4 protein chains.
Amino acid sequence: MPTPKAASSRTPDATRRSERSRRAIYDAALALVAEVGYARTTVEGIASRAGVGKQTIYRWWPSKSAVLLDAYLDLTGQAGPEAQAGPEAQAGPEGGEERDEPAEPAGLPDTGDLAADLKAVLRATVDELDDPRFEAPTRALTAEGVIDPELGARFVERLLEPQLRLYVRRLAAARDAGLLRPDADLRVAVELLVGPLTHRWLMRTRPLTHAYADELVDHVLRGIAPR
Amino acid sequence: MPTPKAASSRTPDATRRSERSRRAIYDAALALVAEVGYARTTVEGIASRAGVGKQTIYRWWPSKSAVLLDAYLDLTGQAGPEAQAGPEAQAGPEGGEERDEPAEPAGLPDTGDLAADLKAVLRATVDELDDPRFEAPTRALTAEGVIDPELGARFVERLLEPQLRLYVRRLAAARDAGLLRPDADLRVAVELLVGPLTHRWLMRTRPLTHAYADELVDHVLRGIAPR
Amino acid sequence: MPTPKAASSRTPDATRRSERSRRAIYDAALALVAEVGYARTTVEGIASRAGVGKQTIYRWWPSKSAVLLDAYLDLTGQAGPEAQAGPEAQAGPEGGEERDEPAEPAGLPDTGDLAADLKAVLRATVDELDDPRFEAPTRALTAEGVIDPELGARFVERLLEPQLRLYVRRLAAARDAGLLRPDADLRVAVELLVGPLTHRWLMRTRPLTHAYADELVDHVLRGIAPR
Amino acid sequence: MPTPKAASSRTPDATRRSERSRRAIYDAALALVAEVGYARTTVEGIASRAGVGKQTIYRWWPSKSAVLLDAYLDLTGQAGPEAQAGPEAQAGPEGGEERDEPAEPAGLPDTGDLAADLKAVLRATVDELDDPRFEAPTRALTAEGVIDPELGARFVERLLEPQLRLYVRRLAAARDAGLLRPDADLRVAVELLVGPLTHRWLMRTRPLTHAYADELVDHVLRGIAPR
DNA sequence: ACATAATCGAGACGGTACGTCAGGTCTTTTT
DNA sequence: AAAAAGACCTGACGTACCGTCTCGATTATGT
């Protein structure tokens, strides 16, 4: 099964790829996951809903989860620079549906008030996790990544780590300004913010609230405050 | 004929249930998940490996994940008090493998040294999460629970929450002894311990180590130390 | 499969048999065949409808078709003298539904007018074959007998041959009276009457009518008339 | 979703049909019926023996009996003009069923000696019915047709009636030559030939012999001879 | 401008597994 | 001891999708 087979159909010509089909596949995949859930979303269903042949999906993606990951990256604006040649070139002209966020994660706000900034960001995360538009595919991908290390790695590399790095950067700025202990392990601090939040969301142990986000920030900052 | 009797085909008579079959199903399910992974574990495969008719599985469980959950509960000793009549035979004759933990999680150690106790427990958790015997089914159930709220709720209620409560109890003892801030939110503290650990394990962002466990404990205790 | 297995459950004690159950099974079997057809009649369905355990059926009959054959024999009054001990003894008391025909085929009418007698009998047969009460089980048993030689033999021996013998007897009386050729093969003559009728009914090539019955009689008698 | 498209999953594209699979299915079906009998022949068994997916059978036939009928028609040379490619071009758009008889059986011999000709044909029929290659599927289809009017109708229309018409035609030729009564009902005469023969075969009341065939012919011709 | 080659929509194919139904056996409890 | 009940293993059902494999019918260059 994993044997590549080296046939003629290997490595299709990406320059000839139909942009319309790709878009339609993304839209169909996200819509189906949102509507019927990940498990009952099928490649056949995506193809049929996208008005596309099944082979067009299998030509470009190895699995349902890979399609969904790309669709999700596209949705969140992290448009995958690996899977396609250079979509940004003609992304302007035909436009398609306009996406909210344009491209690279912008960097965390820095008003000087670290606690406030972190709370704002975590609250936004809470809101996003509660947004049904994001919830279903995020859960689907996370769950898939928990089981499939391959996919999990891509998910982490492309989505999670970039975000965590932003936190680290913001904390580093605060530390350099003398607002945090010089020896604080910022990476662990970030995980102390994100880990519990994610845990609650994944496990549904308690409702995700702004208050909880605030509490986390207060708790963590107390742990890495100077002295 | 479409509604034959409601009583007979709905809830089968649990007193007539074959203990041998249940055991065989648990063992087969866990073995298969460990060997080929959750996705490629099938109900048919479990039945065949357990030497059991498919219907015997469908008679007692609604889905593959439900089987696995019960198998896992049985494995960890939280033997489901709902699925069977009671400890009627108490496994005497045919025995099967004896399970290490009998019933309720034993309670966290309390040597008086809170940090040491927590570290010991978290390190043990790290070891368990690295044990391949537990890893596959735990990941499988966690992932399934992320997507299926029903299953997730059972998973949390039967496994996660009881454990978290043990932490809270241990922390409460420390707080009552004046070792922690009186106003500390112990639940959040526990989540600050468990959340990041789980996050690393699920996402595979960094290796899970004893050092990390220690770091978490130190960090959290610093946040809820008196004063 | 055909291996009898010689277990303890062989040859149950017929004297202890429940007459009530047997009746209920016959009624349920005939009703189901009439209602849903033979193929969709199941042993389980018969048992459930008769308010009887499945084993009670398997204890006394080897197969669905055997049940139906006995039920049919019971219906037509040829009450099987082999399958049960002596039902006629106490058949009086509880009675159940009264059957139209009492027992042995009474013998064909003999008014002296052979053609008229034969026509009357054949017309009656036509009517019976059109009676929905008889049609479904008769078709079912005939079809089963076509494929299963065992069952077919019992069907022929218990139902068909006795009837054919009556025809032969009537024809023999006519021949002895000089109304037929002395050398006529009466058995073949009977088959010339019954064969085409059965053929039409089984194959549904043409409607079964009294006129057709008459035509057959006329045709056949013409073939074996004296000279 | 319950009504997906009506067009696609209803009538599959017959031009894309795999001829190899169809042949393999026919062969497997006939072989299995001959080997294990009709009742123990399963769709799954046919598929597996033919090296074909089950769906490939269900795509083109509604039931086991339908497969067998087509296989049998193919075997006897009445190759079904509806099931495979061929005159699809001018069948019109969706083309109702305007089936006349396409591949008519060759016609009965006409040596001028009617009795001899009929005997030859009936003897050949006897031989065919005794040929184990034909016996099992013929019995299976006949029995199925006895119970399932739909299938029975197709069986009669495609196999039985064309044959009977040949007899009628031969008899008509003889009648026109003055060898039979002008007013003889030829259809009934044919049934008097075929009915008893079929009856013996189906019911297994007596062995099927050439002598019996001859007797039938003599008997019937005596009934419709001139005068 | 056009041939040429790849992608595309479509969907048939050999498969695997699904969840259900029933067959026939066995066991438990009731009569 | 037979009967009602029904759990059990088995095996087939008919369906849904999998991933592969043709098919014409568009594109979409690249000489």
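This is a predicted model: local features need pLDDT of at least 70, side-chain atom pairs count only at pLDDT 80 or more; totals for chains, interfaces and linings use all residues.
## Relation of the two chains

## Extent of the interface

The size of an interface is often given as the accessible area lost when the parts come together. Here chain A and chain B bury about 3500 Å² between them. Carbon and sulfur atoms account for 66% of that area. Chain A brings 39 residues to the contact, and chain B brings 39 residues.

## Polar and charged pairs

Between chain A and chain B, 14 residue pairs are in polar contact, both residues being at pLDDT 80 or more. Four salt bridges are found across the interface of the two chains. One of them joins E191(A) to R200(B), with 2.9 Å between the closest N and O atoms.

## Elements on the chain A side

Four helices of chain A each give two or more residues to the side that touches chain B: helix 7 (132-147), helix 8 (149-176), helix 9 (186-203) and helix 10 (210-224). Helix 9 of chain A supplies the largest share of this side, 13 residues.

Sorted by class, the side of chain A that touches chain B holds 19 nonpolar, 12 charged and eight polar residues.

Conventions: Residues are numbered from 1 along each chain as its sequence is written. Chains are lettered from A and ligands numbered from 1 in the order in which they are written. Side-chain values use heavy atoms; hydrogens and water are left out. Contact means heavy atoms within 4.5 Å. Buried area is the accessible area (1.4 Å probe) that two parts lose on being put together, summed over both. A salt bridge is a side-chain nitrogen of Lys or Arg within 4 Å of a carboxyl oxygen of Asp or Glu. A polar contact is a pair of N or O atoms within 3.5 Å; within protein, one must be able to donate a hydrogen and the other to accept it, and residues adjacent in sequence count only if both atoms are side-chain atoms. Ala, Val, Leu, Ile, Met, Phe, Trp, Tyr, Cys and Pro count as nonpolar, Asp, Glu, Lys and Arg as charged, and the others, Gly among them, as polar.
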